[in-house]
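Hello,

Here is the structure I promised to pass on to you. Please open it beside this email, so that you can find each residue as you read.

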Amino acid sequence: MKENTIKVTITDREGKTHKLDAPTDMNMNVMELVRAYELAPEGTIGICGGMAMCASCQCYVETPELELPEMSMEEEDMLDQAFYVKENSRLGCQIYLKDELDGLKVELAPESEISE
Amino acid sequence: MIKTDILIIGAGPVGLFTVFEAGLLKLRCHLIDALPIPGGQLAEIYPKKPIYDIPGYPSVLAGELITNLEEQIAPFQPTYTLGERAETIKKLDDGSFVVTTNKGTEHHAPVVAIAGGLGSFEPRKPPIKEIVDYEDKGVEYIIREPNFYKDKKIIIAGGGDSALDWSIFLTSIAKEVTLVHRRTEFRGALDSVEKVKELVKKGKINLLTESEVVEIHGQDKVESVTIKHTQEGNKTLEVDHFIPLFGLSPKLGPIANWGLEIEKNAIVVDNATDYSTNIPGIFAIGDVNTYPGKLKLILCGFHEATIMVQSAYKIINPDAKKLVMKYTTVSGITGFDGVKKEQQKAVTTKI
Ligand SMILES: Cc1cc2nc3c(=O)[nH]c(=O)nc-3n(C[C@H](O)[C@H](O)[C@H](O)COP(=O)(O)OP(=O)(O)OC[C@H]3O[C@@H](n4cnc5c(N)ncnc54)[C@H](O)[C@@H]3O)c2cc1C
Ligand code: FES
């Protein structure tokens, strides 16, 4: 692990896996990391800017051994409104990148469909 | 056909402010928005959140900023087509445009300013495989005409304000109202939650919590749906309408097919001059455009609108004399009603 970076593995919506260097000194969250590496098209992730208000950043956490921050009421409420929710669903925008999360693995949840 | 000088697609903050800057140059504006109210992301996503980076406002609520913008542009009497999505554009021989909405409303203007943000806000669909087959055959994502549900059996799904409010409202019209929600708690206003509880007690709303609609059945239209309960398993309910209310999400939509140069879901513009697109007469401002170094901020959209209307003026008035930019503090502003707002003249008294 380089100083101030951790390794994060993200599986995108096409099923492709990306091993990423993620900075821990920029107060960045998983949603922002996905946007920074352009792993999902603009307008499909982070629509509410990371305020736990859109669920476009929903992801499945595949490393139960890592201790994530507890879910806030807002996050719980939002996941409750979202589709494709699983036991290990979290909002990427609520997971801030910290040293303790070195080795974090997440898969992006499918994009919700929009009516024509 | 609605006629105007600048046709603005998108009534978000940037579209609204364009009316002001255009008004200063005596250009009239008409705005189209898919949402039923002006305000764009600020009205739809975060009306109650404070914004801290609007110059001169240490803090302003998003909803308040929109109200203020509406007040600021009122002298320029903008007109609106709300609740309709701009669908097609046609260039006429004289270089002007006709923009038609999904409901067939036609608009004619020499200049089109796309201020479409992240796109038009469209309802989110629950992931039920067969749902598309039943759209407009008993599945509706938006309630347009409540009387449509008179004496019908309806199921509303969702746990937010609109699911609660419509469930309450439709009890007085529909034959049977069932509200299906995944959890036992609701995100809506406390007042609405209490009202729903009361109506459940009175037997007017059939409330199914920890439940989800998972299947839709019927020959040519919705006849029944299967609901999955986390503990009790599946049950099937007879219904006439299934109304999933899971909020709205933006989608660039039809504008993507207008022949404009698009990059990463945004319209490429010339930021060195005037935010013009590859089609002369069409400009793109605010979150909807892209150029090197683009920042999606309200402030930046306001700047782009201000620059853009100068070029719009030249297209609309090709023979006019050169425009000279004036400060509003010096010139005041004269609305289309002829009322002039300006600073009070100092009173001087001779001794
Ligand atoms: C949670 C959150 C917080 C934010 N905080 C800030 C902040 O603090 N400061 C800041 O500067 N910015 C902030 N932003 C960004 C800011 O909201 C956007 O930059 C701004 O809304 C862009 O304005 P706009 O008018 O370009 O687009 P929008 O606000 O997106 O409005 C576009 C409108 O166009 C309509 N539209 C699109 N296509 C069509 C069509 N084909 N037909 C009809 N209508 C159409 C849409 O329905 C929408 O109403 C925030 C954004 C979010 C989500
Ligand atoms: S970005 Fe909207 S909920 Fe995370």
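Below is what was found in it, starting with the place where the chains meet.

Please keep in mind that this is a predicted model.

**Where chains A and B meet**

Let's begin with the interface. On the side of chain B, 27 residues are in contact with 23 residues of chain A. The size of an interface is often given as the accessible area lost when the parts come together. Here the two chains bury about 2,500 Å² between them, and 52% of that area is on carbon and sulfur atoms.

What kinds of residue does chain B bring to the side that touches chain A? By class, there are twelve charged, nine nonpolar and six polar residues on that side. Two elements of chain B give two or more residues to it: β11, which spans 120–125, and β19, which spans 248–251. Of these, β11(B) gives the most, with four residues.

Strand β11(B) also pairs with a strand of the other chain. Its partner is β6 of chain A (residues 113–114), and the two are antiparallel, with two bridges. If you look for A:I114, you will find B:R124 of β11(B) opposite.

**Charged and polar pairs across the interface**

How many salt bridges are there between chain B and chain A? The count is six, while over all chains the count comes to 18.

**The ligand**

Where does ligand 1 lie? It lies between chains A and B. Ligand 1 is surrounded by 34 residues, and the closest are A:C48 from chain A together with B:D33, B:Y46, B:A86 and B:D287 from chain B.

- B:A34 has a backbone N or O atom 3.1 Å from a nitrogen atom of ligand 1.
- B:Q41 has a side-chain N or O atom 2.8 Å from an oxygen atom of ligand 1.
- B:D287 has a polar side-chain atom that lies 2.8 Å from an oxygen atom of ligand 1.

**Strands within each chain**

Now for the strands, beginning with chain A. Strands β1 (residues 5–11) and β2 (residues 17–23) of chain A run antiparallel and are joined by seven bridges. One example is A:K7, whose bridge partner in β2(A) is A:D21. The two strands form a hairpin with five residues between them, and A:G15 in the turn has a positive phi of about 90 degrees.

In chain B, look for strand β9 (residues 106–109), which pairs in the parallel sense with β1 (residues 2–3) over two bridges. There, B:I2 stands opposite B:H107. Strand β9(B) also runs antiparallel to β8 of chain B (residues 97–101), and four bridges join these two. Within that pairing, B:V98 has B:H108 as its bridge partner. β8(B) and β9(B) make a hairpin with four residues between the strands, where B:G104 takes a positive phi near 90 degrees.

Enjoy exploring, and write back with any questions.

Best wishes

Notes
Residues numbered from 1 in each chain as written. Chains lettered and ligands numbered in written order. Predicted model: local features only at pLDDT ≥ 70, side-chain atom pairs only at ≥ 80, totals over all residues. Heavy atoms only, no water. Contact = heavy atoms within 4.5 Å. Buried area = accessible area lost by both parts, 1.4 Å probe. Salt bridge = Lys/Arg side-chain N within 4 Å of Asp/Glu carboxyl O. Nonpolar A, V, L, I, M, F, W, Y, C, P; charged D, E, K, R; others polar. Pairing = 2+ DSSP bridges. Near = heavy atom within 4 Å. Polar contact = N/O pair within 3.5 Å; in protein donor to acceptor, adjacent residues only side chain to side chain.
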